[in-house]
Amino acid sequence: MEEQKTYQRPSWDEYFMEVCHAIAKRATCDRGRSGCVIARDHQILVTGYVGSPKGLPHCDEVGHWYKKITHEDGSVTQHCTRTVHAEQNAICQAARRGVALDGATLYCSMTPCRTCAMLIINCGIVRVVAERRYHDSADTVAMFEQAGISLEHVHDEVQKYDRQ
């Protein structure tokens with residue numbers, strides 16, 4: 001007789017990260033196709049995905065809008081500046097709908113960038129769960145530590161994508 005496997009119900013973090021993957025499928029920039037879920041008390045408050053501002057062309061339609069950034073150590077990275085980040089879009093949705101984010105947890109594809117980190121701090125989010133590390137996240141890590149925001153990574157590896 002074949003042994004039957006017992007169903008493993010996902011933890012809340014696993015559940016919200018799975019929802020984050022589904023949300024990311026709506027993303028319109030193939031460099032990071034990232035999604036974001038903000039939840040509190042085991043309830044989804046808002047979601048967001050990476051995409052251009054409302055009414056403007058998307059990367060998937062017209063291509064990327066690259067900017068090179070030279071860092072203090074001399075290294076150069078490229079960033080697509082056509083899009084609004086998933087975290088920013090989720091926070092905008094909360095603002096548009098009058099949803100307070102105090103005490104919430106934010107789930108995202110990779111460590112939030114410096115700008116997203118500042119928004120996360122100011123809107124009262126207390127915990128961030130990122131699937132992978134972002135290649136340029138030192139400022140975010142330092143700010144979260146200073147602000148007392150918990151930052152956890154599901155996988156301890158840097159997210160890889162084209163023209164990083």
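Strand β6 is mostly covered, since five of its six residues are buried; here, buried means under 20% relative accessible area, exposed means over 50%, and partly exposed lies in between, with a 1.4 Å probe and protein chains only. Helices (H or I, at least four residues) and strands (E, at least two) are DSSP runs, numbered from the N terminus.

This is a predicted model, in which local features need a pLDDT of at least 70, side-chain atom pairs count only at pLDDT 80 or more, and totals for chains, interfaces and linings use all residues. Residues are numbered from 1 along each chain as its sequence is written, and side-chain values use heavy atoms, with hydrogens and water left out. The pLDDT is the predictor's confidence in each residue, from 0 to 100. The chain averages a pLDDT of 90, and 95% of the residues score at least 70.

We turn next to the strands, where two strands pair if DSSP finds at least two bridges between them. Strands β5 and β6 run parallel and are joined by five bridges; M110 stands opposite R132 in β6. Strands β1 and β2, by contrast, run antiparallel and are joined by six bridges. The bridge partner of A39 is I44 in β2. The hairpin of β1 and β2 has two residues between the strands, and in this hairpin D41 takes a positive phi near 55°.

Helix α1 comes next. Its 13 residues reach 18 Å from the first C-alpha to the last, close to the 18 Å expected at 1.5 Å a residue; the expected span is 1.5 Å times one less than the number of residues. The buried residues of α1 are F16, M17, V19, C20, I23 and A24. Seen down the axis of α1, these residues fall within an arc of 155°, and therefore they line one face of the helix. The arc is that of the directions from the helix axis to the C-beta atoms. What covers the buried residues of α1 includes β1, β2 (43–49), β5 and β6, where contact means heavy atoms within 4.5 Å.

A pair of aromatic rings is described by the distance of the centres and the angle of the planes. Rings of Phe, Tyr and Trp (its six-membered ring) pair if their centres lie within 6.5 Å; planes under 30 degrees apart count as stacked, over 60 as edge-to-face and the rest as tilted. The structure holds four aromatic pairs. The rings of W12 and F16 have centres 5.8 Å apart and planes at 25°, so this pair is stacked. Because W12 and F16 are four residues apart in helix α1 (residues 12–24), they are separated by about one helical turn. W12 is partly exposed, with a relative accessible area of 39%, whereas F16 is buried, at 2%. Ring pairs link W12, Y15, F16 and Y107 into a cluster.

Finally, consider helix α4 (residues 114–122), whose buried residues are C116, A117 and I120. Seen down the axis of α4, they fall within an arc of 105°, so they line one face of the helix. These buried residues pack against α3 (86–97), β5 (105–110), β6 (127–132) and α5 (138–147). After α4 comes G124, whose phi is positive, near 90°. In helix α3 one finds R96, which is exposed, with a relative accessible area of 57%.
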